[in-house]
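Dear colleague,

Please find below the structure that I am handing over to you, followed by an account of what was found in it. I would be grateful if you read the two side by side.

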Amino acid sequence: MVPEHTHVTDGGLSHEEVFARMETHGVASVESSCRPVTDILSRIGDKWSVMIVMLLAPGPRRFNEMRRAINGISQRMLTLTLRGLERDGLVTRTVFPTIPPRVDYELTELGQSLRKPIEALGEWAFANRPEVEAARVRFDTAADRS
């Protein structure tokens, strides 16, 4: 949640200088208020996590079923993402003692509560896609002229 392009809008100040000026002017530190949620937002904001949450929304799925359903995800990335979602309490992993072992993944109650915000962001992206694409064309055209 720390602005990445501060050199464009703040005259080239470092993040620390921007935050110091904000605090001097009575503005709460963005860095200190964002720090506690940054790692959570990183987890739920990456494309694989979003896709997995929406894939698991209807109910439990097996690993290979998810791998086939998510185009472009590697086995390693699916494993790492599921492990992270499980660590954060969004997904449960259930191993069934069969041969070979069957493993199901399912959203927890916390994971289910993430569905609505993700759906809202998806609806916003779909509704505003033409405006975003037009803005990109304007930006790219201006950048090419420079």
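Where in the chain does Pro100 lie? Pro100 is found in the loop between strand 2 and strand 3. The peptide bond that leads from Ile99 to Pro100 is cis, and its omega is near -10°. For context, most peptide bonds are trans. Please keep in mind throughout that this is a predicted model.

Overall composition

The chain contains eight helices and three strands. Read from the N terminus, the order of these elements is α-α-α-α-β-α-α-β-β-α-α. The chain has 146 residues, of which 25% count as buried. Among contacts with a separation of 6 or more, 41% are between residues 24 or more positions apart.

The three strands make up an open sheet in the order 1-3-2, with antiparallel pairing. Strand 1 (61-62) and strand 2 stand at the edges with a single partner strand each, so one side of each has no neighbour in the sheet. Strand 1 is joined to strand 3 by two bridges in the antiparallel sense, and Arg61 has Tyr105 in strand 3 as its bridge partner.

Strand 2 (residues 91-96) and strand 3 (residues 102-107) run antiparallel and are joined by six bridges. In this pairing, Thr92 is placed opposite Glu106 of strand 3. The two strands form a hairpin, with five residues between them.

Leu107 belongs to strand 3. Its relative accessibility is 7%, so Leu107 counts as buried. Beyond its neighbours within four places in sequence, Leu107 is in contact with Val53, Leu56, Ala57, Leu90, Val91, Gln112 and Arg115. One of these residues, Leu56, is 51 residues away from Leu107 along the chain, yet their C-alpha atoms are separated by 6.2 Å.

Helix 4 and helix 6

Two packed helices are described by the angle between their axes and the distance between the axes. Helix 4 (residues 47-56) packs with helix 6 at an angle of about 75°, and the axes are 10 Å apart. Helix 4 is therefore roughly perpendicular to helix 6. On the helix 4 side, the contact involves Trp48, Ser49 and Ile52; on the helix 6 side, it involves Met77, Leu78, Thr81, Leu82 and Leu85. Sorted by class, this contact has six nonpolar residues, two polar residues and no charged ones.

Leu82 lies in helix 6 (residues 75-87). Which residues does Leu82 touch, not counting those up to four places away in sequence? They are Ile52, Phe63, Met66, Val91 and Tyr105. Is Leu82 buried or exposed? With a relative accessible area of 1%, Leu82 falls under the 20% limit and is therefore buried. The C-alpha atom of Leu82 is separated by 7.8 Å from that of Ser49, a residue 33 places away along the chain.

Two of the residues already mentioned link this region to the sheet. Tyr105, which Leu82 touches, is the bridge partner of Arg61 in the pairing described above. Val91 is touched by Leu82 and is also in contact with Leu107.

With kind regards

Methods. Residues are numbered from 1 along each chain as its sequence is written. This is a predicted model: local features need pLDDT of at least 70, side-chain atom pairs count only at pLDDT 80 or more; totals for chains, interfaces and linings use all residues. Side-chain values use heavy atoms; hydrogens and water are left out. Helices (H or I, at least four residues) and strands (E, at least two) are DSSP runs, numbered from the N terminus. Buried means under 20% relative accessible area, exposed over 50%, partly exposed in between (1.4 Å probe, protein chains only). Contact means heavy atoms within 4.5 Å. Axes are lines fitted to C-alpha atoms, for helices over the stretch in contact, and angles run from 0 to 180 degrees between N-to-C directions. Angles under 35 degrees count as roughly parallel, over 145 as roughly antiparallel, 65 to 115 as roughly perpendicular and the rest as oblique. Ala, Val, Leu, Ile, Met, Phe, Trp, Tyr, Cys and Pro count as nonpolar, Asp, Glu, Lys and Arg as charged, and the others, Gly among them, as polar. Two strands pair if DSSP finds at least two bridges between them.
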